[in-house]
Amino acid sequence: MNNMNQEAISTSANHESVVPEPEDGVLNEETLFDMSMLGDEEGFLNMTQTEVEPESAQVPSHVSIEDVLKMEFFTPGEAREFYTSYSRLKGFAIRNSKTVKNAKGDIVRYNFVCNREGFRQKKWLDKLDRKREHKPITRCGCVAEMRIKKNHGNGKWYVSQFVDDHNHTLLPERFVGYLPSHRNMSDAEIAQMNSMRQVGISIPKIYQSFAMQVGGFNLVRFTKQDMHNEVRKQRALQSGDVNAALRFFEHAARNDERLFWRYQVAAGSRMCDIIWSDGRSQEDYEAFGDVLAFDATYGRNKYNLPVIVLSGVNHHNQTCVFAAAMVSCESQDSYKWVLRRFLECMRGKAPKAVITDGDPSMRLAIMHVFPDAHHRLCAWHLLRNATAHVSQPRFTQLFKQCMLADIEVHEFERQWEAMVGECGVREVEWVMDLYSKKLSWATAYIRGRFFAGLRTTSRCESLHAKLGGFVESRYGILDFITNFQRCVDFLRDKEEELDFRSFYGTPVLQTHFQEIERSAATLYTREVFYRFRETLKRAVRFNIIDREDCENGCCYVIQKYRRPESTWQVLHQPQKGTFECNCRRMESYGIPCVHIIVVLVGIDIGYLPETLVLKRWCRNAKNNVTFVRQVTETGDAASRYRSRLGAFVDQCKRLAKVACLREEDYKVYSEKMARNVVMLEVKNGLRVAEDVNTQPNGEGGGGINDPVRVRTKGTGRGNVSQQTKGPKKRKCSACGKLGHRRTRCPNGADLRPGCRGSQRVPKGRQAEAQATSSQTTRPDHLNCFTSEVATGQQELQMGAGTRKRKLRVELPNTFPQFMS
């Protein structure tokens, strides 16, 4: 159109703008459509509504055929925009039809038709091997169309033919938004959706957010399926899930020079194992890598690959992640590969202690890769397996006491013999195998080895539970890695907050030994200080009853108040400034025991000596560690675009807050905003999406194929040699004999002989399920129970058929109190 008015721009960009009525019955062409948008003739056929956003208010409802035939356009794209807006008002959708070229090969005519033009080909209706249901037939031979030709005199495009006759019922306004040509997501909406997906918000929740922003679901110009299609299209541009994950690591390595990742492929160039660790995790391992805990979890990705998280305990007694891996199976070779790559990542520094749930493949892999590390078995899993294999509450109670009691070795042996004799389990195969592994679980044999207060893998289970809030089972490799890093960032943010609390302010002194308490408050983190203060409070219950000089120093005998049978010896060497107690709790937990505190008070020392302060529990435990940027900051074009978009949207919210208070301000600022939007679109040539969303398919991919979906989980029987272990024999859970099940027991399914006698058990409380393996302390299926060890109370849900029984197991805190 000629003599375009800038005021018409606000009409095209504002939903609520009111189109002026025609004066003297003549419709002003400037009010029909804003023609200030410039387009590209060659790129017209690929133009979608993502590039331009026409609104129904652009075309008045009383436009006649004569008015349309008088219109001219600068580009074919503008003509399509007009016809799209017109079809939205009328209740139908359009699509591109044929084009006509001249002798020189230039396009001189475009046809836009109703999307119900033509008919579906018969071959698609008569196809016999079709698996999916036919889509509803929408083509009915509609003849409505708009045809434009080029005027070679002025270079504009004019409407040469306009047919507005439809042989079908036009849709009401509430259904028009579901038509394909009216359902498109803009670049800003796609970027906003991607940002919300990165923080773990699901597609339905994001769709609800869009609906709240525009004022209702009926005003959203796309559906949830369109959002899923956009996500699927973005994944298709990544040339494979694994290749996209590798490109993610390459981008992240630009900001994190210490980022480490390794992978290996199997037959068909398919990835089978992958491990990664960022610089911050490696720095945490340098400070807290003396104790390592790891376990596998399932159902966290669409390939069902077991996820292995290698973690530890930081100076706030908080879980910190050192590395993560995904493996094709829980075999000994897979664990060896993971631990060797982990050792490579940490520059050859091996942990001093490792705690697992007792998986045989893990145990063998640890023996090969970390031969000098002391391997400890999870106490909770041992109690669970004791209940499953022996099924005697008395045995479980006595076994718990043997395992966790802080006693001497000879006392442990005496209690073990009394236990197996009383319960009659001396010849039980599982009990004999358990006794052979006593160095890995009995506190009497583990005393003096530092485990940072860990007795169970409950921290791993707790970390897996937190991870479930960030990842879903349908996530691929890339989605899992990015969302896993969000979970790690969440833990690190909590660590930063605890650092602030440890340095900000001074705790109120509450004990009688304020000098020692003040010294500990300036050294320890706040969490560790609170635990040390509890030990300091109990020091008043102990006395020094004897002192004896020896070659190495002085030996003090400590006795608990009115408990003459409870005595301990503390050796003090003044030349070295060291203190050693026979309870070995300083070596086991890294915090002075109450007996050493009594000696400090007795010899009038008002501070904690350096030999009694373990640096890993101090506030400055990471002072010599340099902070590195996080792996989530990729710095690519898409991330920069989303960051700019988020910052600008925040400023727009501030503008909207004040501009919408009054009607006159709303009109003025909306018109200015519309004009600025048009100017920027013209300036950028409507090609923002090409610079942001497209990525080269082969960049850094390496041609690695996605892994094969794993149909089973657990270690299975392939990891245990059949020569050392015979085939599993089925045993009746009612009478304990081989050869039949409880349902076919000749003595009756409801009889439960054994430790409880032959008594009839109610059907609602039948026996608990037996474990699937008689040799391993690790069950094949970890998701059959729920563990909450952080509170010291744990519940195990074990099913027998459709019946379930809860077994309640109480364990001490993972960081025990330092008391007698």
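Residues are numbered from 1 along each chain as its sequence is written. In this predicted model local features need pLDDT of at least 70, side-chain atom pairs count only at pLDDT 80 or more, and totals for chains, interfaces and linings use all residues, while side-chain values use heavy atoms, with hydrogens and water left out.

**The sheet**

Seven strands make up an open sheet with mixed pairing, in the order β6-β7-β10-β9-β8-β11-β12. Strands (E, at least two residues) and helices (H or I, at least four) are DSSP runs numbered from the N terminus, and two strands pair if DSSP finds at least two bridges between them. At the edges stand β6 (260-265) and β12 (374-377), each of which pairs on one side only. Neighbouring strands are turned by 20° against each other on average, direction ignored. Axes here are lines fitted to C-alpha atoms, for helices over the stretch in contact, and angles run from 0 to 180 degrees between N-to-C directions.

Strands of a sheet pair through backbone hydrogen bonds, either parallel or antiparallel.

| Strand pair | Bridges |
|---|---|
| β6 and β7 | six |
| β7 and β10 | three |
| β9 and β10 | seven |

β6 and β7 form a hairpin with five residues between them. In the turn, Gly268 has a positive phi of about 80°. Val265 has Met271 in β7 as its bridge partner. Ile275 is partnered with Ala325 in β10, and Val307 with Met326, also in β10. Seven of the seven residues of β7 are buried (under 20% relative accessible area, with a 1.4 Å probe and protein chains only), so β7 is largely enclosed by the rest of the structure.

**Helices on the sheet**

Helix α10 (residues 279-288) lies across β6, β7, β8, β9 and β10, and runs at about 125° to β10. Helix α18 (residues 458-467) also packs on the sheet, touching β8, β9 and β10 (contact means heavy atoms within 4.5 Å). The direction of α18 makes about 50° with that of β8.

**A helix pair**

The axes of α6 (residues 187-198) and α7 (residues 203-214) come within 10 Å and cross at roughly 135°. That angle makes α6 oblique to α7, a class for angles that are not under 35 degrees (roughly parallel), over 145 (roughly antiparallel) or 65 to 115 (roughly perpendicular). Among the residues that meet are Met193 and Met196 in α6 and Ile206 and Phe210 in α7.

Note on methods. Buried means under 20% relative accessible area, exposed over 50%, partly exposed in between (1.4 Å probe, protein chains only).
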